[in-house]
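Please keep the sequence and the model side by side while reading.

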Amino acid sequence: ETLSNRYPYSCYKQVFVDEAAYDYKSYATMSILDTNLLHSAVIIDQCYTTRRIMAQAIAEQFFGCYISMQNWSDMWLPKAISQYLCGLYSKKCFGNNEYREWIQSNLRDIVKYEEQYGGIILDPNQPPAPLPTAANTPSSHTKQTETHFYFSIKNLHTLSPLYIEAMYKKAHLVMRMLEHRIGLELLLQVFNKQLSLAMNAAGQKIGSGLWGHMLIGTITFTKAI
């Protein structure tokens with residue numbers, strides 16, 4: 001209902017696995033979920049978590065499986081879009097209070113992580129933007145120092161699991177900031193345009209040069225915004 005494009009695959013399956021390593025993992029046409037997400041109709045509290053995770057798995061069918069990241073440094077973007085779409089479902093299904101409590105919880109986790117370890121950079125391949133200065137204030141040419149972690153943030157294999165978890169939460173909040181900046185309708189138009197280009201490219205031959213539309217990157221997304 002939120003997106004004007006149809007489901008990109010011909011079918012969708014949910015497989016529940018006992019003692020899975022993660023709550024869910026999305027793959028093309030299929031999602032693997034933990035059996036602990038299953039609950040009785042009497043247990044109401046678990047319904048919020050289970051439905052949100054299942055909605056996240058479906059959203060990643062669009063952005064994450066069908067439209068994938070262009071580079072490793074762009075892995076935050078499909079996750080941010082899918083989490084944002086999942087948030088729209090949560091707001092519609094559970095109400096605004098439950099949605100805002102989820103956002104507030106993510107915000108607290110991000111602040112706690114950045115205060116303890118350092119700032120999170122969504123796209124490490126691009127240098128941070130310079131700090132804004134007033135018109136009558138002389139610009140000081142201070143060299144921006146990169147936050148020193150125990151690991152390199154420019155390589156996926158050296159990223160800390162805690163860093164990745166906090167980065168995904170921050171990516172969701174950045175997508176909400178874009179919604180507040182340009183509006184919900186314009187943001188959904190960007191998503192639908194990316195899906196339309198990807199579906200058109202999927203029907204073409206590999207030599208047509210259109211398969212790049214099935215990848216999404218930070219630079220192309222910011223230009224579309």
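Isoleucine 81 touches Phe63, Met175, Phe191, Ile216 and Phe221, leaving aside residues up to four places away in sequence, where a contact means heavy atoms within 4.5 Å. This is a predicted model, in which local features need pLDDT of at least 70 and side-chain atom pairs count only at pLDDT 80 or more, while totals for chains, interfaces and linings use all residues. Residues are numbered from 1 along each chain as its sequence is written, and side-chain values use heavy atoms, with hydrogens and water left out.

The largest nonpolar core has 37 residues, of which Phe63, Trp76, Ile81, Leu85, Met175, Phe191 and Phe221 touch the most other members; such a core is a set of buried Ala, Val, Leu, Ile, Met, Phe, Trp, Tyr and Cys residues joined through side-chain atoms within 4.5 Å, buried being under 20% relative accessible area with a 1.4 Å probe, protein chains only. Helices α1 (45-62), α2 (76-94), α4 (161-182) and α5 (184-202) each supply at least two residues of this core, and α5 gives the most, with eight. Apart from it lies another core of seven residues, among them Ala55, Tyr99, Ile103 and Leu173.

Along the sequence, the protein chain follows the pattern β-β-β-α-β-α-α-α-α-β-α, where helices (H or I, at least four residues) and strands (E, at least two) are DSSP runs numbered from the N terminus. Buried residues make up 37% of the 225 residues in the protein chain.

The mean pLDDT of the protein chain, the predictor's confidence in each residue from 0 to 100, is 85, but pLDDT stays under 50 over residues 140-145.

Methods: Buried < 20%, exposed > 50% of the residue type's maximum accessible area, 1.4 Å probe, protein only.
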